Amino acid sequence: MFEAPVQRLIDELSRLPGIGQKSAQRLAFHVLHIEEEDARRLADAITSMREQVRLCARCFNVTDTEQCSICRDLRRDPAEVCVVERAQDIVVIERTQEFRGRYHVLGGAISPIEGIGPEQLRIQELVARIDDEGIKEIIAATNPTVEGDTTALYLARLLKPLGVKVTRLASGLPVGGDLDYADEITLGRALAGRLEL
Amino acid sequence: MQLVWLEMRDFRSYGSLSFRPDPGVNVLVGPNGAGKTSVLEAIGYLATLSSFRRSPEGALVREGAETAIVRGEFFTGAGGAIIEVETPPTGRRRVLLNGKRAQSRADVAGVVAVVAFLPDDLDLVKRGPAYRREYLDDVAAQAWPAVSTEQAEYERALRQRNALLRKDGRRTDETTLDVWDDRVSRLGAKVLERRLSVLDLLEPEVSSLYTELGEGSERLSWRYSAAGIGFLSGGTGGAELVEPLRRALSDARQEDLERRTTTVGPHRDELAISIDRRDARTRASQGEQRSIALGMRIAAFRVLFDRRGSAPVLLLDDVFSELDAARSRRLVGHLPDAQVFVTSARSEEVPLVGARWRVDDGEVAAA
């Protein structure tokens, strides 16, 4: 539709998640109109990220060194490990400033439909860490979906016999929200996981 | 509850349509294939986000169109609500409730309830258990909006368990299977609990309607039989059902491993209907079956009316052509005070007073 070099960029951009044909066109034309130096910086940011970034040897977080900054931080408590599906989930939990332990990125959740069983996830690597690091508690922070819940349960079955405490993030009500606005499923879960005062 | 206006674009055979129905009875008359049922289907689609014709979503989009759009405003006890659904031929539909993205099916299910009477409703009585399970689940999902999410979660867990069995068959890792058993039994218990609750509400209505619809003095009764568990009655709590389901799954494990699918659970249950001691499915006359099916729909209406506090919208798709004059009259006698949409090829066969609309060639006009 467009000149070949423009179309090529549109095609590449539209392969990105959340970007459709229209957005890809808008981005491509934006790039066409910026300074050449800015365009080069963008391209360089993309390629050098891929070259420099790798996965943390311990927790599989995204890092540019052998171990990620969290694993290298000596103030972190090695006895508590928060298990997440994806590296980007770490950022969300870190933002709370409430967790002082380390992480472990599974790389997904158990989903036979997509051909993902426990072997496809970094579960053996997690088991290996337990003795090495003296892990006492695993916090399963997988998504509150059928697959995420199942993965959490699998971890509990696997790790409890090894003497590790396995906990699950509570699901419940948004803080500062009105009870009226909570959907029934969330409210039902909040009720099931209620705490004594 | 009442539909104030309806707009459709590229839905089924319609190019575009804008329709302002009467708050009472609306009779849509037109030749076969004119698009009468599509109007009812669109109303049902707004309320439940699925087609009562059991069509896949893609089939709702007009041939060659980019997306089908249905929007409508419903007036409920709580005020007005505008629902808009945009459906592409493939991929995800987009649902807006009062201009805001709806998070789940449950958001929309909470707005308005519909009860549809369909020409092949006899299937409810005559055909396999899947029809009766679907009936119970549909009523439950409209009675308690959270139910549609629970049903979707159960189906998801079930599909995952089946995928695991299909892949590895007898070599399936038992620890992973244990975990799925736990999920399936917990989520299944919720589905089962809701079915039993709705059954409890429906049963007295259906049995009294059967007598009222004039089928004599024989007693109609229902029995819910849970696969791998046995007969269950209403009022059984979800928590009490988790263990029986887990046990049923573990008892059926060898068979599941052999057959590579889940052979017990709410997806295999049966609701048996009998008249005195005769099985309605195989040993009732066509007329008796017809009365049971009508009774099931009217009962659904009454139960939803009661739960929601206002009358559901009624959709009667070509129902009168299937009924003899006596049953037609009795049905009309039991139609409650609600907004009703009726389709028919022949105007004179509809014994109802109300607004008449002529449907032809993708247009709806006052007749």
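A residue counts as buried when its relative accessible area is under 20%. The legends below describe close-up views of a predicted model.

**View 1. V108(B) and its surroundings in chain B.** V108(B) belongs to helix α2 of chain B, which spans residues 105–109. Its relative accessibility is 0%, so V108(B) is classed as buried. Beyond residues up to four places away in sequence, V108(B) touches L46(B), A47(B) and L49(B), together with I83(B), V95(B) and A102(B). I273(B) lies 165 residues from V108(B) along the chain, and the C-alpha atoms of these two residues are separated by 32 Å.

**View 2. The contact between chain A and chain B.** Chain B contributes 20 residues to the contact and chain A contributes 14 residues. About 1700 Å² is buried between chain B and chain A, and carbon and sulfur atoms account for 67% of this area. Of the area that chain B buries against chain A, 29% comes from Q160(B), V179(B) and R183(B), more than from any other three residues. The size of an interface is often expressed as the accessible area lost when the parts come together.

**View 3. Polar interactions and helices at the contact between the chains.** Three salt bridges are counted between chain B and chain A. R157(A) forms a salt bridge with D182(B), with 3.8 Å between the closest N and O atoms. The count of residue pairs in polar contact between chain B and chain A, both at pLDDT 80 or more, is five. On the side of chain B that touches chain A, α5 (147–168) and α6 (174–212) of chain B each supply at least two residues. The most is given by α5(B), with nine residues. By class, this side of chain B has eight nonpolar, four polar and eight charged residues.

**View 4. E147(A) and its contacts with both chains.** E147(A) is located in helix α7 of chain A, residues 146–159. With a relative accessibility of 11%, E147(A) is below the 20% cut-off and therefore counts as buried. The side chains of E147(A) and R156(B) are joined by a polar contact of 2.4 Å. Apart from neighbours within four places in sequence, E147(A) is in contact with A109(A), I110(A) and S111(A) in chain A, and with R156(B) and Q160(B) in chain B. Q160(B) is also one of the three residues named in View 2 for their share of the area that chain B buries against chain A.

**View 5. Strands β3 and β4 of chain A.** Strand β3 of chain A (residues 77–84) runs parallel to β4(A), and five bridges join the two strands. Strand β4 of chain A covers residues 101–105 and is mostly covered, five of its five residues being buried.

**View 6. The open sheet of four strands in chain B.** The strands of this sheet follow the order β10-β9-β11-β12, with antiparallel pairing. Its edge strands are β10 (230–232) and β12 (278–279) of chain B, each of which pairs on one side only. Strand β9 of chain B (residues 220–226) is joined to β10(B) by three bridges, and the two run antiparallel. S225(B) has F231(B), in β10(B), as its bridge partner. Strands of a sheet pair through backbone hydrogen bonds, in either a parallel or an antiparallel manner.

Notes. Residues are numbered from 1 along each chain as its sequence is written. Chains are lettered from A and ligands numbered from 1 in the order in which they are written. This is a predicted model: local features need pLDDT of at least 70, side-chain atom pairs count only at pLDDT 80 or more; totals for chains, interfaces and linings use all residues. Side-chain values use heavy atoms; hydrogens and water are left out. Contact means heavy atoms within 4.5 Å. Buried area is the accessible area (1.4 Å probe) that two parts lose on being put together, summed over both. A salt bridge is a side-chain nitrogen of Lys or Arg within 4 Å of a carboxyl oxygen of Asp or Glu. A polar contact is a pair of N or O atoms within 3.5 Å; within protein, one must be able to donate a hydrogen and the other to accept it, and residues adjacent in sequence count only if both atoms are side-chain atoms. Ala, Val, Leu, Ile, Met, Phe, Trp, Tyr, Cys and Pro count as nonpolar, Asp, Glu, Lys and Arg as charged, and the others, Gly among them, as polar. Buried means under 20% relative accessible area, exposed over 50%, partly exposed in between (1.4 Å probe, protein chains only). Two strands pair if DSSP finds at least two bridges between them.
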